[in-house]
Amino acid sequence: MTIQTNPAPGTPGPPKREAPVRPPVRGVSAAPVLVKVPPPFSVRLSQFLWILSFAVGGFTAVYFFVIREELLPLIADVARGVTEGRDDATYTAAADIVFWVVFALVVALLLTQITLLVSFMGRRPNIRWWQFATFVMQVLLVPLSPEWVALGKRGEPLSLLLAAQAALVLLALLCSVMPQAIAWTARQHDIRRGPEAPSNTDF
């Protein structure tokens, strides 16, 4: 049986053992977390210009429909100048067809661009090419409108409205191809390294 004796005063005692390092509770490399980051300025400006073009396009469609009764006789006269010798009913029917085809095209382009903008803000790939295709159709519609539908004193503003809408779309497309906008679309998701989800014992 050993008898422990207290060390004399001033005599250093045995070295103390250091406590082991506690392992981390959470992982060193935390799991990625989806975050909501505002889009860059170029994307927000593009979205604003698109919305302005929608407002102009909607006003154009409404104005085009309101002056329909005044445009139909003028469109019939254009059809009469192209092919003569037909009865009036034929020219009236042709005017109706031309009006509704152009009106449907204006409305279809507007609805398509709204849908494409939603997809663009959702960072869908290759949406800019579809938006550019609608812009090309609008550009073709601007010079053709004075020949068929933008007729008379009240029909002349249609050409200006269509040109204004196309100009806004062009500016919106230019903003959407800025370097920050391209990088924002290519990234598709904004993520950061965040903490892991808490366990049930944390509640």
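Me: Which helix gives the most to the lining of the largest cavity?

Reply: α4 does, with three residues. Helices here are DSSP runs (H or I, at least four residues), as strands are runs of E (at least two), and both are numbered from the N terminus. This is a predicted model, in which local features need pLDDT of at least 70 and side-chain atom pairs count only at pLDDT 80 or more, while totals for chains, interfaces and linings use all residues. Residues are numbered from 1 along each chain as its sequence is written, and side-chain values use heavy atoms, with hydrogens and water left out.

Me: What makes a space a cavity, and which residues line the largest cavity?

Reply: On a 1 Å grid over the protein atoms alone, a cavity is a set of points where a 1.4 Å probe fits but cannot get out; lining residues have an atom within 4 Å of a point. Grid points are joined across faces, edges and corners, and the volume is the space filled by probe spheres set on the points. The lining of the largest cavity consists of Val106, Leu109, Gln138, Leu141, Val142, Leu162 and Gln165. α3, α4 and α5 are the elements that give two or more residues to this lining. The volume of the largest cavity is about 50 Å³, and the whole structure has two cavities of 30 Å³ or more.

Me: Why is the pair of Phe99 and Phe103 called what it is called?

Reply: Rings of Phe, Tyr and Trp (its six-membered ring) pair if their centres lie within 6.5 Å; planes under 30 degrees apart count as stacked, over 60 as edge-to-face and the rest as tilted. By this rule there are eleven aromatic pairs. The centres of Phe99 and Phe103 are 6.1 Å apart with the planes at 10°, so the pair is stacked. Phe99 and Phe103 are four residues apart in helix α3, about one helical turn. Together with Phe64, Phe65 and Trp100 they form one aromatic cluster.

Me: Are Phe132 and Phe135 buried, partly exposed or exposed, and why?

Reply: Buried means under 20% relative accessible area, exposed over 50%, and partly exposed in between (1.4 Å probe, protein chains only). Phe132 has 41% and is therefore partly exposed. Phe135 has 11%, so it counts as buried.

Me: How do you know whether Ser119 is buried or exposed?

Reply: Its relative accessible area is 18%, so Ser119 is buried. Ser119 belongs to helix α3 (residues 88–121).

Me: What makes the charged end of Arg68 count as sitting over a ring?

Reply: A charge sits over a ring if NZ of Lys or CZ of Arg is within 6 Å of the ring centre and within 35 degrees of the ring normal. The charged end of Arg68 is 5.8 Å from the ring centre of Phe99 and sits over that ring.

Me: What makes a set of residues a nonpolar core, and how many residues has the largest?

Reply: The set holds buried Ala, Val, Leu, Ile, Met, Phe, Trp, Tyr and Cys residues joined through side-chain atoms within 4.5 Å. The largest has 22 residues; Phe64, Phe99 and Leu158 are among those with the most contacts inside it. Of the helices, α3 gives the most to this core, with six residues.

Definitions and conventions. 1 Å grid on protein atoms, 1.4 Å probe; cavity = no way out; pocket = protein on both sides within 12 Å on 5 of 7 lines; lining within 4 Å.
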